[in-house]
Amino acid sequence: MVDLGLLDKSRAIKQRFDEVADLIIQPDIVTDQARYAKLNKEYSDLRDFVEIQKTYEGFINAIDEADEIIADGSDAEMVELAKLEKDEAINAIPALEEEIKMMLIP
């Protein structure tokens with residue numbers, strides 16, 4: 001169901017985003033205007049991707065949580081709600097995967 005290769009690639013990009021976010025606040029980077037500008041552009045370019053990646057992982061986590069609630073089965077109302085949330089996530093994931101794939105094209 002979930003493209004694990006795509007998930008790994010998106011996590012690697014998220015990690016780079018976090019690294020760049022840390023770098024652009026370093027005093028030695030801020031004083032090097034050329035490097036700061038380059039990193040700031042990279043940060044800006046990665047920000048949109050990271051937002052989609054967060055949504056993607058959120059749906060994956062929602063499926064996992066829903067599966068736990070469904071497996072527990074102790075509260076019928078919660079099970080029904082979990083099934084609805086799981087279906088919503090399952091239906092949303094393919095579109096997000098396509099969007100991520102398009103963003104990965106250089």
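In this predicted model, helix 3 (residues 33–72) packs against helix 4 (residues 76–104) with the axes 8 Å apart and at an angle of about 150°. That angle makes helix 3 roughly antiparallel to helix 4, since anything over 145 degrees counts as such. The crossing of helix 3 past helix 4 is left-handed. Sorted by class, the contact between helix 3 and helix 4 comes out as 21 nonpolar, 7 charged and 1 polar residues.

The largest nonpolar core holds 16 residues. Within this core, the residues with the most contacts are Tyr56, Phe59, Ile60, Ile93, Leu96 and Ile100. As a rule, in soluble globular proteins nonpolar side chains tend to be buried together.

Ile100 gives a handy close-up of this core. Leaving aside residues up to four places away in sequence, Ile100 touches Leu6, Phe49, Ile52 and Tyr56. Tyr56 also sits on the list of core residues with the most contacts, as does Ile100 itself.

Then there is Gln53, which lies in helix 3. Its relative accessible area is 4%, so Gln53 counts as buried, the cut-off being under 20%. And what does Gln53 touch, not counting residues up to four places away in sequence? The partners are Ser10, Arg11 and Lys14.

Notes
Residues are numbered from 1 along each chain as its sequence is written. This is a predicted model: local features need pLDDT of at least 70, side-chain atom pairs count only at pLDDT 80 or more; totals for chains, interfaces and linings use all residues. Side-chain values use heavy atoms; hydrogens and water are left out. Axes are lines fitted to C-alpha atoms, for helices over the stretch in contact, and angles run from 0 to 180 degrees between N-to-C directions. Helices (H or I, at least four residues) and strands (E, at least two) are DSSP runs, numbered from the N terminus. Angles under 35 degrees count as roughly parallel, over 145 as roughly antiparallel, 65 to 115 as roughly perpendicular and the rest as oblique. A crossing is left-handed if the near helix is turned anticlockwise from the far one by less than a right angle, and right-handed if clockwise. Ala, Val, Leu, Ile, Met, Phe, Trp, Tyr, Cys and Pro count as nonpolar, Asp, Glu, Lys and Arg as charged, and the others, Gly among them, as polar. A nonpolar core is a set of buried Ala, Val, Leu, Ile, Met, Phe, Trp, Tyr and Cys residues joined through side-chain atoms within 4.5 Å. Buried means under 20% relative accessible area, exposed over 50%, partly exposed in between (1.4 Å probe, protein chains only). Contact means heavy atoms within 4.5 Å.
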